[in-house]
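Subject: That structure you were going to look at

Hi,

Here is the structure I promised to pass on.

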Amino acid sequence: MGPRKLPPSKVDQSVLGNGDAADPLKPQEGSQFQSGEPLDKGETTTLATVRSRWVQRLRHDRAIAVIRSHNWLQGLAMAQAAAEGGLRLIEITWNSVRPAELVAELRDRLPHCQIGAGTLLDAAMVREAVAAGAQFGFAPFGDSGAIAAAVAAGIPIVPGALTPTEIAQAWRAGASSVKVFPISAVGGAAYVRSLVPVLPMPLIPTGGVTLANAAEFLAAGAIAIGLSGELFPAEAVAAGRWDQVRDRARRLAEQVAPHCLPETTPPLEDLRP
């Protein structure tokens with residue numbers, strides 16, 4: 001699959017808001033933008049639509065396999081093993097080897113999965129990821145340029161944040177959900193449980209989620225979880241033991257299954273788990 005050209009597009013500033021605007025937790029849903037890959041032919045999508053459909057997907061799948069690979073063929077095998085184990089959301093970090101080619105190849109090889117990009121540090125990386133065919137993006141922090149570029153392209157963007165203020169700011173800037181990272185540094189599932197009642201946005205904890213505690217995070221109110229090293233042990237990957245990776249992916253899929261909901265479009269106002 002050839003690279004996709006990102007059409008020129010500007011973010012409606014009403015999405016980004018400003019520090020003097022009303023309630024910083026209130027989603028800024030009113031703006032429209034042209035999607036780089038429209039959800040339906042000829043459709044002008046809104047931030048509300050992108051958020052709603054992303055939340056729908058997260059509710060249905062609940063777990064994201066995060067791949068960071070220093071070998072391109074190894075990255076393909078990691079994704080294939082995760083998909084064979086039952087995971088349908090796969091993130092390729094942008095500090096992997098040839099990440100754009102990896103995303104494009106996986107879009108062809110795994111049409112039943114959604115392939116996204118991670119570790120997107122700025123707007124240029126987001127545009128590269130979208131051009132390669134990334135269907136969602138993750139960032140380690142809330143860079144306003146990266147968020148704006150993803151919003152302009154019409155793909156979900158999930159910036160990293162840790163404090164309530166950072167989470168609220170990321171959401172207000174246009175995030176489709178917020179990555180709570182690193183979750184192990186702030187109390188794990190207990191921290192998520194304390195955030196959910198007061199922050200009306202979908203949260204995805206990473207950086208401390210394991211096979212043993214994955215279901216605990218979902219029970220605490222996280223809409224989904226992200227795992228990397230737990231799914232792809234360094235020794236197993238180096239030895240090409242893809243059966244071990246498949247087994248871990250299958251165990252994770254089984255643990256999150258009780259929390260997975262049918263693929264139905266949720267109400268736009270209902271964006272929490």
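The protein exposes about 11500 Å², and carbon and sulfur atoms supply 53% of that. Accessible areas here come from the Shrake-Rupley method with a 1.4 Å probe, and for residues only the protein chains shown count as cover. Bear in mind that this is a predicted model: local features need pLDDT of at least 70, side-chain atom pairs count only at pLDDT 80 or more, and totals for chains, interfaces and linings use all residues. Residues are numbered from 1 along each chain as its sequence is written, and side-chain values use heavy atoms, with hydrogens and water left out.

Of the 273 residues, 53% are buried (under 20% relative accessible area; exposed is over 50%, partly exposed in between, with a 1.4 Å probe and protein chains only). The protein has eleven helices and ten strands (DSSP runs numbered from the N terminus: helices are H or I with at least four residues, strands are E with at least two). Take the contacts (heavy atoms within 4.5 Å) between residues at least 6 apart in sequence: 63% of them join residues at least 24 apart.

Now for the rings. Rings of Phe, Tyr and Trp (its six-membered ring) pair if their centres lie within 6.5 Å; planes under 30 degrees apart are stacked, over 60 edge-to-face, and the rest tilted. That rule gives two aromatic pairs. One is Trp54 with Phe136, a tilted pair at 5.0 Å centre to centre and 35° between the planes. It links distant parts of the chain: Trp54 is in helix H2 (residues 47-61), while Phe136 is 82 residues away, in the loop between helix H5 (123-132) and strand S6 (137-139). Phe136 also pairs edge-to-face with Phe138, at 5.9 Å centre to centre and 75° between the planes. Trp54, Phe136 and Phe138 therefore make one aromatic cluster.

Arg51 lies over the face of Trp171, 3.6 Å from the ring centre, and Lys179 lies over the face of Phe181, at 4.9 Å.

Trp171 is one of the buried residues in helix H7 (residues 164-173), along with Ile167, Ala168, Ala170, Arg172 and Ala173. After H7 comes Gly174, with a positive phi near 125°.

Cheers

Key. A charge sits over a ring if NZ of Lys or CZ of Arg is within 6 Å of the ring centre and within 35 degrees of the ring normal.
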